[in-house]
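Open the model in your viewer and keep the selection panel at hand. The stops below say what to select and what to look for.

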Amino acid sequence: TIFGETDVNINQRLQNCLKEEKLTVVLCVGETLEEYEAGLLVSVVDTQLRKGLAGVSKDSLMGDRIVVAYEPVWAIGTGLVATPQQAQDAHVAIRRTLESVYDAGVAQAVRIQYGGSVSPESVGDLMDMPDIDGALVGGASLISDSFGKIIQGASPGGAATITTTAPVSPVVTVDPSTFYHEPLSTFAIPNLKPKGPRKGADVGQPHDSSRPFTKVDTLSSGAWWCAEGGWPSPSPRATTEIFYVLEGHACVTDADGGRNFMGPGDLVILPKGWSGRWDVLEGIHKIWFVADHPDVVDGNGDQNSNAIVKKYNDFTMEQLTNSGTSNDSSEASQTYLDNGYVGVGCKSYPPGSFEISKEVITNTQGIHVLEGTFFLTNEDGSARRCSAGDTVVLPKGWTGYWDVITPMKQLWVVA
């Protein structure tokens, strides 16, 4: 660095600061532009955290003595800002390292802020990300009008803060007694929040909009739209993304050059570790689920990270396998991914009623309804009518009742 700092002397400074009971320490981590372009973000941040926190007790982290800030070097004072998804991926990587070094409780309790040319224009979209707990504001804090707008932009929903005195959990408080439901109209394009032009675009002028739905345990969900254009995506994904294309056409190109085209009605899986390129050919609108999980490697230690695209006709009854206990062919399913941490598939159900016990919902489940109508009823009797286009999340341990009115078909994600 310019001042000759190393991870070792940063750790020494942190330890000295912790000796002062009234001091809160902000530990900044982040990669250079060269490291980012080389796909080393996760490796760099993991190393900086492990060395920076060497010898630091769990109590110091749980006691809100330390705030971690992801501050990519290439964004400091340059006017460049990481996209919300880039920042989200980095924050997920930080939580994973904290869980590896300490435990899941620490990973959830530590406040992780984003820093790097935060502005009134960028702060709102950054704060919409489920793992970004606040903003570390630099030069913009010296201009009262700008700083006030940043604070205002971070305020909606109360999910993130500029400065606080209490730790902010990155995971919503989960009530396993109730499900989460939103109709398709919630995620209509006019209801999404504009995020502005995509950074790094080299084809066209793509700009996007998004709306998070919820984060339950390790599974997040929401909707996204993007205009025509293309951009490289060189940094390996830190999570697995599963999405259903509502409208539009696009192509994701794997790192090995394989091209994967998608259109309305298709299911796309971008595994953890995927990198390559995005090209939106016609404004694309999707419902997404993102699962955070450990690395998955084969017997040779390799990670299969190429995209998977299932076309809309893969979900016809002819392509599904009878999974019912009877001869009723309307109960059928197909699994498209099962890596031990994340499962993805399609399933159909005939009309009927059945009870779900907590032993059945052993992991959080995300559902996008393709066809049919059904009612979901919580154990306390509260219920919702669900139909084609709706998105549902069932927390781990949920109990209740399904009442299928007309034959239904769903895409499911288990994490």
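This tour of a predicted model goes from a sheet and its helices to aromatic pairs and charges over rings.

Stop 1: Select residues 25-29 and 134-136, which are strand 1 and strand 4. They belong to an open sheet of 4 strands in the order 1-2-3-4, paired in parallel. Strand 1 and strand 4 are the edges: each has a single partner strand, so one side of each lacks a neighbour in the sheet. Look along the sheet to see the twist, which averages 35° from one strand to the next.

Stop 2: Which residue in strand 3 is the bridge partner of tyrosine 70? It is tyrosine 114.

**Stop 3: the helices on the sheet.** Select residues 7-18, helix 1, which packs on the sheet and touches strand 1 and strand 2. The direction of helix 1 makes about 165° with that of strand 1. Next select residues 84-101, helix 5, which also packs on the sheet, in contact with strand 1, strand 2 and strand 3. Between the directions of helix 5 and strand 3 the angle is about 145°.

**Stop 4: aromatic pairs.** Across the whole structure, a search finds 12 aromatic pairs. One of them is already on screen: tyrosine 70 and tyrosine 114 make a tilted pair, 6.1 Å centre to centre with 50° between the planes.

Now move to phenylalanine 374 and tryptophan 402, a stacked pair with 4.8 Å between centres and 20° between planes. Phenylalanine 374 is in strand 20 (residues 365-378) and tryptophan 402 in strand 23 (residues 400-414), 28 residues apart.

**Stop 5: a cluster and two charges.** Select Trp224, Trp231, Phe243 and Trp278, which form one aromatic cluster. Then show arginine 198, which lies over the face of tryptophan 231 at 4.3 Å from the ring centre. Finally, show lysine 286: its charged end sits over the ring of phenylalanine 243, 3.9 Å from the centre of that ring.

Technical notes: Residues numbered from 1 in each chain as written. Predicted model: local features only at pLDDT ≥ 70, side-chain atom pairs only at ≥ 80, totals over all residues. Heavy atoms only, no water. Phe/Tyr/Trp six-rings, centres within 6.5 Å; stacked < 30°, edge-to-face > 60°. Helix = DSSP H or I, 4+ residues; strand = E, 2+ residues; numbered from the N terminus. Lys NZ or Arg CZ within 6 Å of the ring centre and 35° of its normal. Pairing = 2+ DSSP bridges. Axes fitted to C-alpha atoms, helices over the stretch in contact; angles between N-to-C directions. Contact = heavy atoms within 4.5 Å.
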